[in-house]
Amino acid sequence: MTKTNKSTPAAPERILTEEEILAMDDKDYMNPAQMAFFKAKLQALEKELLKNAGETTEHLRETVLVPDPADRATIEEEHALELRTRDRERKLLKKVQQSIVAIDGGDYGWCEETGEPIGIPRLIARPTATLSLEAQQRRELKQKLYGD
């Protein structure tokens, strides 16, 4: 199977379930219903990540001064952990937004290295995947052998 559809997918009347998407035939790969399913999934993830970022900002503004150095250190460590988590989420948000753009452009679901299908099960598990499982394994092996 090779990538052929470059048109913007039309949104179906209702979003299918994960089970319905998995039950589809291989010839239906990245049809409008599947594109709509993944776009809805990615948009929900984007909304959640943006909400978390807003909550972190509010939480960090609510800093309370405590006289005990141990309590102060605990609060600072919690803030540092929260900031690291939000940094990872910021990077994920960028990937989510790139995936949404790929859906709109008709390129979503295809390996950026080989042009082969990434696969529905992999996309369900990791909606921001840009490589097929085989291409990802090759990339990770190369990184392991030669470093970044």
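1. Some ground rules. This is a predicted model, where local features need pLDDT of at least 70 and side-chain atom pairs count only at pLDDT 80 or more, while totals for chains, interfaces and linings use all residues. Residues are numbered from 1 along each chain as its sequence is written, and side-chain values use heavy atoms, with hydrogens and water left out.

2. The largest pocket comes in at about 330 Å³. A pocket here is an open set of points on a 1 Å grid over the protein atoms alone, where a 1.4 Å probe fits, with protein on both sides within 12 Å along at least five of seven lines; lining residues have an atom within 4 Å of a point. The volume is the space filled by probe spheres set on the points, which are joined across faces, edges and corners.

3. Who lines the largest pocket? There are 14 residues, with Lys95, Arg126, Thr128, Ala129 and Thr130 nearest its centre. Helix 3 (69–105), helix 4 (120–125) and helix 5 (133–146) are the elements giving two or more residues to that lining, and helix 3 has the largest share, three residues. Helices are DSSP runs (H or I, at least four residues), numbered from the N terminus.

4. For the classes, Ala, Val, Leu, Ile, Met, Phe, Trp, Tyr, Cys and Pro are nonpolar, Asp, Glu, Lys and Arg are charged, and the others, Gly among them, are polar.

5. The second largest pocket has a volume of about 180 Å³. Its lining also counts 14 residues, and Ala102, Asp107, Trp110, Glu112 and Thr130 are the closest to its centre. By class that lining has six nonpolar, five polar and three charged residues. It draws at least three residues from each of domain 1 (27–108) and domain 2 (110–147), with bounds from an automatic or database domain assignment.

6. Helix 2 (residues 32–61) passes a length check: its 30 residues should span 44 Å at 1.5 Å a residue, and the end C-alpha atoms are 43 Å apart, which agrees. The expected span is 1.5 Å times one less than the number of residues. Its buried residues (under 20% relative accessible area, 1.4 Å probe, protein chains only) include Phe37, Phe38 and Leu42. They pack against helix 1 (18–23), helix 3 and helix 4.

7. Worth a look: Met30, in the loop between helix 1 and helix 2, has a positive phi of about 60° without being a glycine. Met30 counts as buried because its relative accessibility is 3%.

Methods
Buried < 20%, exposed > 50% of the residue type's maximum accessible area, 1.4 Å probe, protein only. Contact = heavy atoms within 4.5 Å.
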